[in-house]
Amino acid sequence: MMKDLPDVKDLSLDTGVQELLVKARNEGIATAFDRAVKMSQCGFGSAGVCCKQCLEGPCRIAPNGKGPRAGVCGANVDTIVARNFLNTVTQGTASHAEHAREVAHAILEAVEGKAPYTIQDTGKLKALAQGLGITVEGKGINQLAKEVAHKALEDFQKQQGPLHWLKLKGQTKEVENWEKLGLLPVNAHLEVAKSMARQVMGGDADPANLLLGAITMSLVDGFAGLHMSTDLQDVLLGTPKAVKAQYRLGVIKEEMVNISVHGHIPLLAEKVVEWAGKLKEEARKVGAEGINVVGVCCSGNEILMRKGVNVATNYASQELPIVTGALEAMVVDIQCIMPGLQTVASCYHTEIITTLPYAKISGASHVEFSAERADEAAREIVMRAVANFKKRDPRKIAIPNEVTEAYAGFSVEQIVEALKAVNPDDPLKPLVDAIAGGQILGAVAIVGCTNPRKKQDYDNLTLAMELIKNNVLVVATGCSAHSLGKFGLLSPEGLKYCGEELRSVLTAIGQANGLPALPPALHMGSCVDNSRVADLLTALADYLGVGIKDLPAAGSCPETHHPKAIAIGTYFIANGVDVHVGVNPQVSGSELVVNVLTANKEDFPVTTDGLFGGKLIYEEDPVKAAALIIERIKQKRKALGLN
Ligand code: XCC
Ligand code: SF4
């Protein structure tokens, strides 16, 4: 049976992952990579033409033109595909909105003395309060934080007017356009509920209207999900500054109690790091040298950005830290947690610990985490890991030894700080000048995931290499940032892959800051931190007096898998940014939907490009994708009068 499986070299670029895949196979353990090979993909689902919105179905419209052209209720293929697309965007949005709401609630608990966190960035808090129209003078920090948290929570309950968080960001040009089109969201819960209501059998049947619904949903994702999460996390936990850390499975240490944190909401991950520090002595009592916390996925990104914690691995290979045989616990919260983790863990001493009442895995341990119980829960989690150290089977331990150095922590504040060393009075000027002068051709955010169906890290890395070679500035978030980190693009070492002009700009900025150079790709954080990318684009657009849609910028998720990535991508399209995806977005069954999203037909009356200035680019080959992105960047430069 093992003979049918592909060579591990074709599954991941990461040699540590390859080693552990071989180990897992030898031990008879299936991982996501091997499950992906065995799972065939349904042709109907792949084209987005399968409808399950009621029990008259499932109904499916064959993409080859044969068979019925409408479901039992009469819904045609355009309606079905558009509705499925809206469903995907809604799933992603609900995830991010819940994330933001949890953080807003935690702030409230913290300032009321019920949860053990203290406000870390008072400057950002004041700026937020001001932006939200709260009077700042004469108020203490806790009072201000309370009012900001209330404003945030109003974005989940108010019945009129656009989201507060949407007004907070300025963006007058974009907001005006969204308002004109009647797309402004009112509150996150209302919009998610409305979206579910319009998707259900007998709801909205107009494909164009459903796609506009997806735009509104994506604005919820962007403002009440991404922006709100990042803004409030920075207030509560601190705004990231440049940090240096290590990537790859080699960050797991044989002599230590190893705990990996995996998931998304940093409230938990931060506390685990804190308690791992406090309980070092307990680890010594069981014969370990200390406690080593390592990151996986976006929880990993959050504690990397704020605390410089090392990162073990990204999404597709999340089961493999367990296969080292040296992981005492993997603690998870929500999103991107493979249920398969527990199956793999049951072959080792690793304890999978779930923490949220609405995200459990059967067979795993559960330690309930909430902001109020943060200390107790984190202490218990760390103590469980310590107790597991003695249960290791020494014959099963094999830790790949490579690590790669990387820099992260590039919040917009940190980027501006770095630019101030070049021009203290007008920090954006050096960047804008480099873009105008063509030393920087444009900017691309490489975001999103890895996907067990694609050779891990390969597309993320190849696309980034192509772009920097052509003097395109790259910023990165999410699991794709891990891909770039593992292969040196988050370190000045990676400058050798840059075009000469980009290299000289990054070197000059780096040297003004006492560094050899800035890395060729700037790590801006987790997936919710795509808000930072939007903030940076907004700042550049404001500086130039243009709309975001006019900037020579794009987004790309070459190896995505998650509905959240589709929600984020739609949000950037709504902002006028082209978004490339390297994985089938499952809309090909409807020509109409494809035409609207990709603007691939010259005279098609309604496209996202026409309405907002951004479109979807679907291309699986990363080299071709880079060429398409660059071509569009050049068009946008030309329209700005640049060459
Ligand atoms: Fe999940 Fe955020 Fe994707 Fe990674 S990048 S696989 S969504 S952890 Ni967000
Ligand atoms: Fe079929 Fe219509 Fe029901 Fe969908 S909503 S399953 S197309 S009958």
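Visitor: Which way do Glu351, Ile352, Ile353 and Thr354 point from strand E8, and are they buried or exposed?
Guide: Glu351 and Ile353 point one way, Ile352 and Thr354 the other, and all are buried. Buried means 20 or more other C-beta atoms within 10 Å of a residue's own, exposed 12 or fewer, and partly exposed in between, with C-beta atoms placed from the backbone. Strands are DSSP runs of at least two residues labelled E, helices runs of at least four labelled H or I, numbered from the N terminus. It's a predicted model: local features need pLDDT of at least 70 and side-chain atom pairs 80 or more, while totals for chains, interfaces and linings use all residues. Residues count from 1 along each chain as written, and chains are lettered from A and ligands numbered from 1 in written order.

Visitor: What does E8 pair with in the parallel sense over four bridges?
Guide: Strand E7, residues 329-332; pairing takes at least two DSSP bridges. Val331 has Ile353 as its bridge partner in E8.

Visitor: And which strand do two bridges join to E8?
Guide: E9, residues 365-366, also running parallel to E8. There, Ser365 is the bridge partner of Ile353.

Visitor: Switching topic: which residues does the UniProt "binding site" annotation cover?
Guide: Cys51, Cys54, Cys59 and Cys73, according to the unreviewed entry; such annotations may be inferred rather than shown by experiment, and positions follow the numbering used here, with feature names shortened. They span 23 residues in sequence, but no two of their C-alpha atoms are more than 10.9 Å apart, so they gather at one spot.

Visitor: Is Cys51 buried or exposed?
Guide: Buried, with 25 other C-beta atoms within 10 Å. Cys54 has 15 such neighbours, so it's partly exposed.
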